[in-house]
Amino acid sequence: LRAALREGSARFRQRDFAAAAAKFSTALELCSKGFATEDPFKSSPDDLSRLASWIESKLVICYLKLGQPGLALHHSHRSIIENPSHFCNHMRQAACFRCLHRYSEAARSAMVAQFLYVLAEGARLETSDLLQLYWQAMTQEALSGEISFSVLYTPFEKEDKADKIKEANKTFAERHPEYVQHIFTDPHGIHLLPEKVESHSGQQYLLTLGFRNKEIGKTLEKFVTQKLPIFPGQKITFNPSMEEEAETFWQSTGKRIMAAVAFIRSTKIKDERGPCAGAIEQFHHASLLSHLHRGEEQAQVMTQVMAELATVPYLQRVSQEEDKLLQSLMADAMDILAGRTGERVWTKIHKV
């Protein structure tokens, strides 16, 4: 293992990224077989995870340099699963999403990275500022390429939320008359913007969205405002004979809904519906991909779910009951990735 790591690091410094990736992959395989320490029975699980995460992070950089952002993204998820509290792992994930033009998800990764950096008492203010600038740039990039919806952020203190939501919807309609087929304000969770101005530090916002297409707007509102996210068109997935209908739904509606969901999450650290709500949204996404026989895409989403669940306890308080659900969903995700079937927590949620 030491030899593989030394050789991989040497190749990495020489910028021979293909050879470095091969050596780091060998090291990762050896690490997974228990060769990370001389006495596996006396090793610390945290030490093993940190080493595996470090190797994964090197693979992320190698594959980005080799122009393979999809493969790099897979390893970035795995580096987070092994070490979710290290902000650099989330920044690498943001870089992968950016290369894949998935700007809303890149914005969320940058937001999480900045949050974790500050949480770990990051002493360098310029680093925190740079993380905020990256987050801000990705949010703006996501909006600039979006044509199906527009957004409005309304400063929010401790006013009556219902009144503030009505006011925000009215203001949105006045400012964006071309996106008034359906308007709603996210009632679950307070949003934060990456503003550097000291007087606005920690300022909270309500997020209002308006849509050109009424059906997509209504469907999205139902999906993101329910206590338990239920993916629209879900009944289709229980009937294999309706596969063509499922494909049509995904192309016309599903893709746009998931794009809007990703944007909503790009400025929201905490979700009032519960810490696992975002992961459940992605479980629905993966279920539909599975039904459409897109196994590779489903695996990517499930690995992303595991990274999301591993990070949750660092972003918000988790009750004992929520922690039980979180661990169960993590186990379900691992089962799905391994191709195992059975009566899992996710299966029960899906049936309900």
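At what relative accessibility does R11 stand, and how is R11 counted on that basis?

Modeller: R11 counts as partly exposed, at 30% relative accessibility; buried means under 20% relative accessible area, exposed over 50%, and partly exposed in between (1.4 Å probe, protein chains only). The model is predicted, with local features requiring pLDDT of at least 70 and side-chain atom pairs pLDDT 80 or more, while totals for chains, interfaces and linings use all residues. Residues are numbered from 1 along each chain as its sequence is written, and side-chain values use heavy atoms, without hydrogens or water.

R11 belongs to helix α1; helices (H or I, at least four residues) and strands (E, at least two) are DSSP runs numbered from the N terminus. Beyond residues up to four places away in sequence, R11 touches D16, A19 and A20, where contact means heavy atoms within 4.5 Å. K166 lies 155 residues from R11 in sequence, and their C-alpha atoms are 59 Å apart.

The loop between α1 (2-13) and α2 (17-32) contains R15. Although R15 is not a glycine, its phi is positive, at about 65 degrees. R15 is exposed, with a relative accessible area of 55%. A positive phi, near 60 degrees, also occurs at H293, again a residue other than glycine. H293 sits in the loop between α11 and α12 and is exposed, its relative accessible area being 62%.

The helix that H293 follows is α11. Its 15 residues reach 22 Å from first C-alpha to last, close to the 21 Å expected at 1.5 Å a residue; the expected span is 1.5 Å times one less than the number of residues. Of the 15 residues of α11, 14 are buried, leaving the helix mostly covered.

Helix α4 (residues 69-82) can be checked in the same manner: its 14 residues should span 20 Å, and its end C-alpha atoms are 20 Å apart, which agrees. The buried residues of α4 are P69, A72, L73, H75, S76, H77, S79 and I80. As background, an α-helix has 3.6 residues a turn, so residues three or four places apart point the same way. The buried residues of α4 pack against α3 (45-65), α5 (87-99) and α12 (295-315).

The largest pocket has a volume of about 920 Å³. On a 1 Å grid over the protein atoms alone, a pocket is an open set of points with protein on both sides within 12 Å along at least five of seven lines, a cavity is a set where a 1.4 Å probe fits but cannot get out, and lining residues have an atom within 4 Å of a point. Grid points are joined across faces, edges and corners, and a volume is the space filled by probe spheres set on the points.

The lining of the largest pocket has 44 residues, with R102, E105, M258, A259 and A262 nearest its centre. At least two lining residues come from each of α4, α5, α6 (103-119), α10 (243-264), α11 and α12, and α12 gives the largest share, nine residues. By class, the pocket lining comprises 20 nonpolar, 13 polar and eleven charged residues. Here Ala, Val, Leu, Ile, Met, Phe, Trp, Tyr, Cys and Pro count as nonpolar, Asp, Glu, Lys and Arg as charged, and the others, Gly among them, as polar.

There are three cavities of 30 Å³ or more, and the largest cavity holds about 140 Å³ of space. Its lining has 15 residues, among which R108, R265, I269, P275 and E308 lie nearest the centre. Both α11 (277-291) and α12 supply at least two residues each to this lining, which consists of seven nonpolar, three polar and five charged residues.

Strand β1 (residues 149-156) includes L152, which is buried, with a relative accessible area of 8%. L152 and T208 are 56 residues apart along the chain, yet their C-alpha atoms are separated by 5.1 Å. Neighbours within four places aside, L152 is in contact with A168, T171, F172, R175, L206, L207 and T208.

Finally, confidence: pLDDT is the predictor's confidence in each residue, from 0 to 100. The chain has a mean pLDDT of 88, with 91% of its residues at 70 or more. Over residues 236-240 pLDDT stays under 50, and the model has eleven contacts beyond four places in sequence for them. Where pLDDT is low, the predicted coordinates should not be read in detail.
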